[in-house]
Amino acid sequence: MSVSQIVEFIVGDAQADRAVPPSGYTANLTTFSAAAMAFLAVFALALSLAAGRLADRWSDELARSSTLRISAPADQKETQTATALRVLETTPGVASARALTDAEQRALLEPWFGPDLPVDTLPIPQLIEIIEESVGYDAAGLRLRLTAEVPGAVLDDHTRWRRPLVKAASRLRVLGWLSLGLIGTAMAAMITLAAQAALSANAQVIAVLRQVGARDSYIARAFVRRFTLRGLTGAAVGTVAAMVAILLLPSAQGEGGFLTGLGFQGLHWFWPLLIPLLAAVVAFVATRTAAGRKLRELP
């Protein structure tokens, strides 16, 4: 559509608009359904984008870190820890390695055993944090060296943790996009039903317009315009309400925990602004299809 056609569509025709009820349950249904679907669409979009960020973050963080666990008698643990650190310092691809302190290990175990865990009196393995370089290291070769020099060392490169987490986040992202498609389909179905109900309710008005020479395309254009604008208005209200609701979520550093990642970040805040336009397109196509079909059925 050209700019002039868009302006003409928005302005409309006062005579043709009389064939479309300005209020009533069909108008309210269209506006409400568009607002509700847009509200849900914003959250589905936020879910999809947040899942994408989560997958990237988990993949990056877990891919660059590994853990070395040393299980040895108390009189050998310190010696094996020092030997393991020397091995790691000479391993290509390892950026840094350090042994966790008792306080750090206590903090890791606290969620499961409570804050009063007596780390000093329990046979807790010594943990060594390994940070990889961008190229990574040869995990199989490192395991062979550790087996020969540090018998009590077990290397965990987080592969068995990283893959399921990234896979789950990726599936959650796909679920978000699938939800958007289902929301759009549901909105199209409701607007189609509302348009057909409006056409049936105004059958007598349509018959009079035909008698005075109005074509079906002229009548259909009035219905399409009115329902498209209703869809656009309702979707705009629902989008703004959803964006405000997301904006009011607790910050990621606060007590909100995992769910706070649902918010938009940076330029992602502009993506929801496309939802009212997409809703208007859905309303336009659905109403145009319904009007064409219903006008052929009316006598």
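Student: At what angle do helix α8 and helix α9 pack, and how far apart are their axes?

Tutor: Two packed helices are described by the angle between their axes and by the distance between those axes. In this predicted model, α8 (residues 203–211) and α9 (residues 216–247) pack at about 140°, and their axes are 10 Å apart. Because of that angle, α8 is oblique to α9. The crossing of α8 past α9 is right-handed.

Student: Which residues make the contact?

Tutor: From α8 come Ile206, Leu209 and Arg210, and from α9 come Asp216, Ile219 and Phe223. By class, the residues of this contact comprise four nonpolar, two charged and no polar.

Student: Let us turn to the sheet. In what order do the four strands lie?

Tutor: Strands of a sheet pair through backbone hydrogen bonds, either parallel or antiparallel. Here the sheet is open, its order is β2-β3-β1-β4, and the pairing is antiparallel. The edges are β2 (94–99) and β4 (153–156); each has a single partner strand, so one side of each lacks a neighbour in the sheet. On average, neighbouring strands are turned by 20° against each other, direction ignored.

Student: How many bridges join β2 to β3?

Tutor: Five bridges join β2 to the antiparallel strand β3 (residues 126–132). Alanine 97 stands opposite isoleucine 130 of β3.

Student: Which strands do helix α4 and helix α6 lie across?

Tutor: Helix α4 (residues 74–89) lies across β1 (65–70), β2 and β3, and runs at about 5° to β3. Helix α6 (residues 139–149) lies across β1 and β4, at about 170° to β4.

Technical notes:
Residues numbered from 1 in each chain as written. Predicted model: local features only at pLDDT ≥ 70, side-chain atom pairs only at ≥ 80, totals over all residues. Heavy atoms only, no water. Axes fitted to C-alpha atoms, helices over the stretch in contact; angles between N-to-C directions. Helix = DSSP H or I, 4+ residues; strand = E, 2+ residues; numbered from the N terminus. Parallel < 35°, antiparallel > 145°, perpendicular 65-115°, else oblique. Left-handed = near helix turned anticlockwise from the far one by under 90°. Contact = heavy atoms within 4.5 Å. Nonpolar A, V, L, I, M, F, W, Y, C, P; charged D, E, K, R; others polar. Pairing = 2+ DSSP bridges.
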